[in-house]
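Student: I would like to check some of the labels used for this model against their definitions. Please take them one by one.

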Amino acid sequence: MSVTVTTLKKMKDASDKITWITAYDYSFASLVDGAGIDAILVGDSLGMVMQGHDTPVPVTIEDSVYHTQCVARGVSNAMVVGDLPFGSYQANKEQAYTNAVKLMQAGAHTIKLEGGELQVETIKFLVERGIAVCAHIGLTPQSVHQLGGFRVQGRGDAATRLVEDAVAIEQAGAFGVVLEAVPQALAAEITERLSIPTIGIGAGPKCDGQVLVLQDMLGIYPKKSPKFSKNYMDGAHTIANAIETYVGEVKSSAFPAQEHSFD
C-alpha cells in the first residue's frame, strides 16, 4: 500500500486535493487503482448499485467483508476503506470492534462509520486498538428513513450541530470525515476548522477531497443519480479515461462545480 492516513494528512496540509471513489469488485478496483485514485471506499452503497435495494440498510457485515476481500485483491497503491454497514456497530463499541476487525482482516486498511458526537466513544475505542477510523456526517444514508429521505443536511440551526459533530470526531481520533449533502459554505467552514481531511460528496469544492459512487460517475446506475454526481463517461473513450478525468478534475478543483453543490 502506498497511500496511508499520513499521506492524506500531508495532502491536506499541502492543499493537494484527495481523490476517493467507491468500488466493490476485483476488476473495477484494479482499474480504479491504476487510474491513480488515493482511496477506494468499499461503501455500503453496494446495497443499491450492486444489490438493487432502495437504501443501503439491507447490507450485512458479511456482504461488506466479501466485497472488501474482492477489492483488496485488485489494489496495490490506493488505501482501502471498509464501510461498517447498518446494525454492525451501533449497539456498542465492542460490536463495532468485532466487525471492524472482520473488515481489516478482509483487506481494509481503514474503516468508515456514520455518525458524529454519538459515535465519539466508539471512535476512541477503535483508535486506541489500532484501527484507523473515518467518520461520516451530514446525510447519513443508513439513517435515511429517520431523515425522511435523501435530503440536504446542515441548513439553519442544524449547521451548528454539524460543526460540533466534526470537532468531536477529530478530538476522538478519527483520521478524516466524509461530509455528504451539506451546504458548500458549511463544508468550507468545517474544512477550515479541522486539521484532519474532509472528503466531500455533494459538499462543494472547498473540501480537502471528493468521493463519488463509481456507478454514478460512469452513468451505469439504472436509477436516477444524485445532483452532486457527474457522468464522466460522457465523451470518454474508455472507463479508465473517465476515471482519470475525474481524478484530474478533483485535483484541479474543476469538480465539483456549482451545479454539483448545494447552497
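Student: What makes Lys251 part of helix α11?

Tutor: Lys251 falls in residues 239–251, which form α11; helices are DSSP runs of H or I with at least four residues, strands are runs of E with at least two, and both are numbered from the N terminus. The model is predicted, so local features need pLDDT of at least 70 and side-chain atom pairs pLDDT 80 or more, while totals for chains, interfaces and linings use all residues. Residues are numbered from 1 along each chain as its sequence is written, and side-chain values use heavy atoms, without hydrogens and water.

Student: Why is Lys251 called partly exposed?

Tutor: Buried means under 20% relative accessible area, exposed over 50%, and partly exposed in between (1.4 Å probe, protein chains only). Lys251 has 32% relative accessibility, so Lys251 counts as partly exposed.

Student: What makes the pairing of the Lys251 and Asp38 side chains a polar contact?

Tutor: A polar contact is a pair of N or O atoms within 3.5 Å; within protein, one must be able to donate a hydrogen and the other to accept it, and residues adjacent in sequence count only if both atoms are side-chain atoms. The Lys251–Asp38 distance is 3.3 Å. The side chains of Gln184 and Gln258 are likewise joined by a polar contact, of 3.1 Å.

Student: How do you know that the span of α8 is close to the expected one?

Tutor: The expected span is 1.5 Å times one less than the number of residues. Helix α8 has 15 residues, and its 21 Å from first C-alpha to last is close to the expected 21 Å.
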